[in-house]
Each structure stands twice: as C-alpha cells, then as structure tokens.
Amino acid sequence: MSRSRAAAGPTRRGVLAGGAVAGLLAALGSEVLAPRLAFAAGGTPYSGDTLVVLSLRGGFDGLSAVAPVGDPDLARLRPTIAVPAGLGLRLDATFAMHPALTGLKALYDAGSLAVVHATGLAVPNRSHFEAMAQVEAATPGSPLRTGWLDRVLSLHDASGPFGAVQVGGGGLPWSLLGDYPELGVGSVDDFGLDGVDTEDLPAWSTFLRTAFAHSDARLAASAGTALGALATTAAMREAGYTPSNGADYPDSDLGRQLRDVARLVRADVGLRVATIDYGDWDMHSGLGRPDGGWMRDHLRELDDAVSAFATDLGTDLGRVTLVTISEFGRRAEENENAGVDHGWGNAMFVLGGHVNGGRVFGTWPGLRDVDLTDGDLTVTTDYRAVLADVLRSRAGASAGEVATVFPGWTGSTLGITSAA
C-alpha cells in the first residue's frame with residue numbers, strides 16, 4: 001500500500017471527504033488479503049500456547065502425505081500415484097511420509113510432530129463449502145452460529161488486539177466468526193493506514209479514536225482494536241525482523257505468513273490464535289507421481305515453510321502448537337485422470353514443543369473394500385478430539401469449557417499433547 005506522507009494533517013472535513021471515518025476498516029483493508037484480528041474481553045488471563053491452525057483448503061490427501069504403505073490395498077487402489085514403500089519416509093510398520101516431507105519427518109523423529117490418521121467429520125460431506133463450514137463451526141445439531149475459535153477466545157481475556165490473527169489471504173474463516181471485533185491485515189509490514197507515514201500515525205490515531213468514540217459500539221470497538229494494533233505493528237516494522245537459528249523461509253505466501261506468525265510470537269504481543277489458509281489441494285487430475293508433480297511440489301512448499309517456522313521459533317516452539325486441518329480427505333481409489341476425488345477420512349499434523357511426537361495416533365480402519373465407506377477412508381477419530389486434546393493440555397481449557405467450545409461432542413482426547 002502507499003505510505004506517502006499525507007498532504008495535510010487530519011481534519012474532520014478532510015477525513016470525511018476521504019471516507020476514512022466512514023470506513024476505517026476498509027482503509028486498513030485496502031491491501032488486506034483477508035487476515036483478521038479478534039480479541040475477547042472479560043474472563044481470566046490466558047497463559048496457554050499460541051494455537052496456530054493451518055487450514056489445508058481444497059481437500060488434503062492424507063493418503064499421499066502419510067501413506068499407509070504397509071496396507072496391501074494401497075497399491076491396488078492407486079496403481080500410478082501411490083507412494084511406494086521403498087520411496088516413502090518410514091514412520092512405522094504401516095505408515096510412511098511422502099518423500100517431499102523431509103523436514104516434517106525430521107520433526108517427527110525429534111518428537112515435536114505427531115500424525116493423527118483417519119480423522120474427519122462424524123458424517124461424510126463432500127462439498128467444499130458445506131464441509132469446511134461444518135469443520136469451522138463445529139456445532140452439529142446445535143443452534144450456535146459462531147466459530148469454534150471464537151468460542152475459544154471467549155474463555156479467557158486476550159488482553160489486547162492481538163488475541164487472534166488470520167494471516168494472509170482467504171477471508172475471515174468461519175472458525176473466528178462471532179461477537180468480537182475483527183480487522184484485516186495483509187502482513188505485519190503492510191498493516192497501516194493508507195497514505196500515513198509512521199511519524200504521522202499518532203496524530204491520526206488520536207483523531208480517529210475521537211471520531212469513532214460516539215459511533216455504533218461495535219464499530220467503535222473494531223476501530224479501537226485496529227488503532228491499538230497499528231502502534232505495535234509500526235514499531236515492529238521499524239525494528240525489522242531476522243529469523244532465528246538460520247531459518248530459511250521459502251519465498252511463498254505460506255512462507256511469509258508463517259514468518260509473520262513467528263514474528264508475532266517472538267514479539268510477545270499476546271497472540272493466542274493464528275489462522276492461515278493454504279489451498280490448492282483439490283487435485284482431481286494430474287496429482288503426479290511421488291517423485292514429481294503437483295502433489296510433490298505442493299507438499300515440498302508446505303514442508304519448507306513449516307520446517308522454517310519450527311527452526312525460527314527454536315525454544316519458543318515450547319509455547320506454540322500448530323494443527324493442520326482440512327474439510328475432507330480424498331477417495332481411496334485414484335480416478336481415470338490420475339487424481340483423486342472428494343473423500344472423507346484424512347490425516348492431521350500436530351506440531352509443538354509439548355507434542356508427544358514420533359507417533360501416528362488413531363485407529364487405522366484399513367483399505368479393503370469392506371473397510372471403506374462408499375469408497376472413502378473411514379473416519380475413526382472425530383477431528384474435534386484432536387482439537388480438544390490441544391485445548392485441554394495446551395490452552396488451559398477444562399472439560400466443561402471444551403464442552404462449550406464443542407457442544408454435543410462427548411469423545412475423549414488422545415494424549416497427543418502434554419500439559420508440561
């Protein structure tokens with residue numbers, strides 16, 4: 001966005017003419033690819049991990065990422081695209097990571113990364129929009145229309161504007177929809193008022209706070225959140241950022257987004273939740289063989305970015321838990337276009353300093369025709385069990401609070417994470 005000096009100081013007439021008072025969020029969001037901030041007021045102070053939710057939108061193929069190479073039916077169902085046992089990065093007798101995931105394999109071996117396989121919604125839904133809405137609302141059979149992360153935020157006082165941040169494009173996720181103020185920010189470095197330099201920001205902030213003071217309460221709260229964040233990001237921008245421990249982020253949207261999350265974590269701005277969208281997993285055709293092609297290249301970009309994130313955080317990974325999630329998995333059998341159509345069961349990754357890593361959690365249902373559900377990998381672990389595990393152990397949520405976040409869910413946690 002343009003950061004040229006404003007031609008004159010803020011006046012009510014000038015700002016109204018420019019539309020800033022009528023749309024502060026729009027002014028902030030002219031470069032916003034859709035990240036959002038939200039904070040909760042009230043409750044007890046939060047002292048848990050920063051929860052990073054990485055949404056693999058488009059339908060992630062867990063059977064490629066963490067291939068059941070020990071299941072004899074994999075090669076039968078996927079004769080041209082299956083990861084062969086000799087090429088995969090072995091995790092145990094049943095599973096091997098895709099050969100593109102060398103960094104995640106190293107984290108797995110170090111005990112910082114766990115896999116949960118055959119996860120998903122309780123009932124199959126193969127519509128991108130409907131399935132992701134269900135995943136992010138997490139309220140089957142409930143009249144609630146908020147997102148599960150919005151309900152997480154309500155459990156504690158986030159103590160400032162950086163309670164929850166969506167970094168990068170994709171729009172505000174359903175998981176953050178609720179009653180709390182939200183604003184957009186493309187990145188730490190791009191977050192600012194159009195046409196306002198850092199040295200002019202205090203005067204504009206004072207003016208805009210006054211201008212919004214007697215507006216609609218929600219608009220005033222959103223403006224206050226935005227203005228509260230502006231000063232912090234301006235200081236961070238002036239200071240610059242150098243990743244730690246030799247971390248080398250890929251020059252990609254995901255690399256830049258995870259770099260910004262690490263930056264916010266290390267700056268101690270009170271970040272509780274960060275959400276990132278990483279799409280383009282809808283590989284109906286041309287998925288590619290394990291040694292090249294669309295899936296290999298996309299997994300490699302994921303691997304490079306997440307590995308750099310963990311390296312950059314270093315010991316700070318001990319106060320961060322990252323979870324991957326997708327709306328559904330892919331069908332067990334490849335189609336005639338060497339791709340895979342919408343399916344059900346999937347794989348999730350959990351990364352963090354207090355993850356009981358080096359293990360594949362969940363019950364493997366098998367790939368025999370009789371074990372599949374209408375041609376899909378059967379779900380044996382509700383995805384909410386994975387999230388509830390993190391909330392209980394790493395976010396300080398009680399059993400009752402987990403029931404508030406996930407109404408109607410009565411499952412048990414898996415021991416994926418530890419409280420200490």
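Visitor: Which residues does Met97 touch, not counting residues up to four places away in sequence?

Guide: The model is predicted, so local features need pLDDT of at least 70 and side-chain atom pairs count only at pLDDT 80 or more, while totals for chains, interfaces and linings use all residues. Residues are numbered from 1 along each chain as its sequence is written, and side-chain values use heavy atoms, with hydrogens and water left out. With contact defined as heavy atoms within 4.5 Å, Met97 touches Ala65, Val66, Gly88, Leu89, Leu91, Leu104, Lys105, Tyr108, Leu113, Val115 and Phe349.

Visitor: Of the 70 residues in the largest nonpolar core, which touch the most other members?

Guide: A nonpolar core is a set of buried Ala, Val, Leu, Ile, Met, Phe, Trp, Tyr and Cys residues joined through side-chain atoms within 4.5 Å; buried means under 20% relative accessible area (1.4 Å probe, protein chains only). In this core, the residues that touch the most other members are Met97, Phe309 and Phe349.

Visitor: What is the angle between the planes of the aromatic pair Trp204 and Phe207?

Guide: Rings of Phe, Tyr and Trp (its six-membered ring) pair if their centres lie within 6.5 Å, and planes over 60 degrees apart count as edge-to-face. Trp204 and Phe207 are both buried, and the pair is edge-to-face at 6.5 Å centre to centre, with an angle between the planes of 80 degrees.

Visitor: Which residue lies over the face of Tyr46?

Guide: A charge sits over a ring if NZ of Lys or CZ of Arg is within 6 Å of the ring centre and within 35 degrees of the ring normal. At 4.4 Å from the ring centre of Tyr46, the residue over its face is Arg272.

Conventions:
Buried < 20%, exposed > 50% of the residue type's maximum accessible area, 1.4 Å probe, protein only. Phe/Tyr/Trp six-rings, centres within 6.5 Å; stacked < 30°, edge-to-face > 60°.
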